[in-house]
Amino acid sequence: MPHKVDILLGLQWGDEGKGKIVDVLTPEYDIIARFQGGPNAGHTLEFNNIKHVLHTIPSGIFHPDKINVVGNGVVIDPTILMREIGELKKMGVDIQKSLCISRKAHLIMPTHRMLDSASEAEKGKAKIGSTLKGIGPTYMDKTGRNGLRVGDIAMPDFDQRYAALKEKHLKLLSAYDFEFSIEEDEKKWMEGIEAMRELRSIDSEHFMHRELQAGKRVLAEGAQGSLLDIDFGSYPFVTSSNTVSAGACTGLGIAPRRIGEVIGIFKAYCTRVGSGPFPTELHDEDGELLRKTGAEFGATTGRPRRCGWIDLPALKYAIMINGVTQLHMTKADVLSAFPQIKACVAYDLHGERIDYLPYDTHIPHLKPIYEGLPGWNCDLTELREEDEFPKELGQYISYLENALDTPICIVSVGPKREQTILRKPVHAT
Ligand code: GDP
Ligand code: IMO
Ligand code: MG
């Protein structure tokens, strides 16, 4: 019997610590595969005094003898990919052997990035807060059936197709009051395309099928978070891909019945970078303390992340949509700074108590209703076993497991690999 594919994904607005946990779990798998998003992602790994941020490459890359797949659902910027590969090579990572890229993944062009910036600039205050990596315009060309794919690089008419799509983009750009120049970017991009010819490209759907039949274990690594999903997130303040578990099927070419564990990662509180509704956002000194203690600054853009208390109705929604089978909680250590911890259990909407996320979460009248829990007020970063947990942390975990009706298998107490406590086995089998 082939193994099932496990999926690990973020349940909030991204940056839940996916990179760290994937790196920790990689020894248990043979293949780590990204299925959506692109260089808007920033996944941070810390081990052996190294801190490294990955954008396109899966977070299993530092483990020798593992295969890392960039699936068809991912959008790739050759310039950024080559920079990432260059940094990894300097660290002695053998990319040639361990990195495979789907021929069906779409390419982000320099003009996609320009279109992203022009669109955001025109929106002014109503901007999405995009990472400006060209994600939206690239997925628009994918669904609009105009896009360029990795497999096209090997085609004889690649240059003409690139030029035609670029022309189309330039026409679109002329409609904006936006100044730009692409010569320098385009030169680097073309160098990136040349370098990509040397990489191992695959048909990810066949590859996955074959490897699963051969008994290999696969972990699919999500990017962004469920509340940024194009369908189920706080539209239009979302990204342009399906970040939820269903995205792993379409983004890798795996059938739904092949899915095993769905691992949902959440921070012990909430953060969001970019615009859009955030019911539990704190604009006071508690928010500032979360940002400072949690070093909440974007791994891709460096922007300060908005911070707030944990939002249980939002988490329940994400658990439902994804079919989460187990939870991993990160950044528990950050809450050590608080004598009392709050959890949003419902919202007040015009005087009525509701316990679900309404269609329009942007309404200023949506006020979180909190329950208070005692804090633990002690350092957790040296803890390695659950039986060393302070009583109040144990209470917080039980409270969440109860409210969310899902087991919390891993608790993370710091950014490093070893700051990870396994409470329950991650694998059902
Ligand atoms: P990702 O996008 O989900 O991979 O998360 P990011 O890397 O963007 O952001 C998570 C940040 O929190 C990174 O700087 C991690 O090194 C850090 N981190 C991960 N887990 C923990 C934890 O348990 N405690 C603390 N203090 N930091 C953590
Ligand atoms: P990881 O994988 C946090 C946010 C942006 C913006 C919105 C749309 O590191 O968790 P886009 O560039 O996709 O058009 O931006 O989504 N965003 C993220 N926020 N973590 C991410 O990735 C994000 N990727 C996109 O800030 O609000
Ligand atoms: Mg991130």
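In which hand does H2 pass H7? I found a left-handed crossing, meaning that the near helix is turned anticlockwise from the far one by less than a right angle (clockwise would be right-handed).

Ground rules before I go on. I am looking at a predicted model, where local features need pLDDT of at least 70, side-chain atom pairs count only at pLDDT 80 or more, and totals for chains, interfaces and linings use all residues. Residues are numbered from 1 along each chain as its sequence is written, chains are lettered from A and ligands numbered from 1 in the order in which they are written, and side-chain values use heavy atoms, with hydrogens and water left out.

**Helix pair.** I noted H2 as residues 78-90 and H7 as residues 183-196. Helices (H or I, at least four residues) and strands (E, at least two) are DSSP runs, numbered from the N terminus. The axes of H2 and H7 come within 8 Å and cross at roughly 65 degrees. Those axes are lines fitted to C-alpha atoms over the stretch in contact, with angles from 0 to 180 degrees between N-to-C directions. For contacts (heavy atoms within 4.5 Å), I listed Pro78, Thr79, Leu81 and Met82 on the H2 side, and Lys188, Trp189, Gly192, Ile193, Ala195 and Met196 on the H7 side. I sorted them into seven nonpolar, two polar and one charged. In that scheme Ala, Val, Leu, Ile, Met, Phe, Trp, Tyr, Cys and Pro are nonpolar, Asp, Glu, Lys and Arg charged, and the others, Gly among them, polar.

**Ligand 2.** I get 21 residues around ligand 2, counting any with a heavy atom within 4 Å. The closest are Asp15, Lys18, His43, Thr131 and Thr239. For polar contacts (N or O pairs within 3.5 Å), a side-chain N or O atom of His43 is 2.7 Å from a ligand 2 oxygen, and a backbone N or O atom of Val273 is 3.0 Å from one. The protein buries 97% of the 550 Å² that ligand 2 exposes when taken alone, by Shrake-Rupley with a 1.4 Å probe.

**Ligand 1.** Here I count 20 residues, with Gly17, Lys18, Thr44, Asp333 and Ser412 nearest. A polar backbone atom of Gly17 lies 2.8 Å from a ligand 1 oxygen. Backbone N or O atoms also approach ligand 1 oxygens from Gly19, at 2.9 Å, and from Lys331, at 2.9 Å. Alone, ligand 1 exposes 580 Å², of which the protein buries 93%.

Most residues other than glycine have a negative phi, and most peptide bonds are trans. I flagged the cis bond joining Tyr235 and Pro236, omega about 5 degrees. Pro236 sits in the loop between E10 (218-225) and H9 (246-252). I also flagged Asp65, with a positive phi near 70 degrees, in the loop between E4 (50-54) and E5 (67-70).

Definitions and conventions: Polar contact = N/O pair within 3.5 Å; in protein donor to acceptor, adjacent residues only side chain to side chain.
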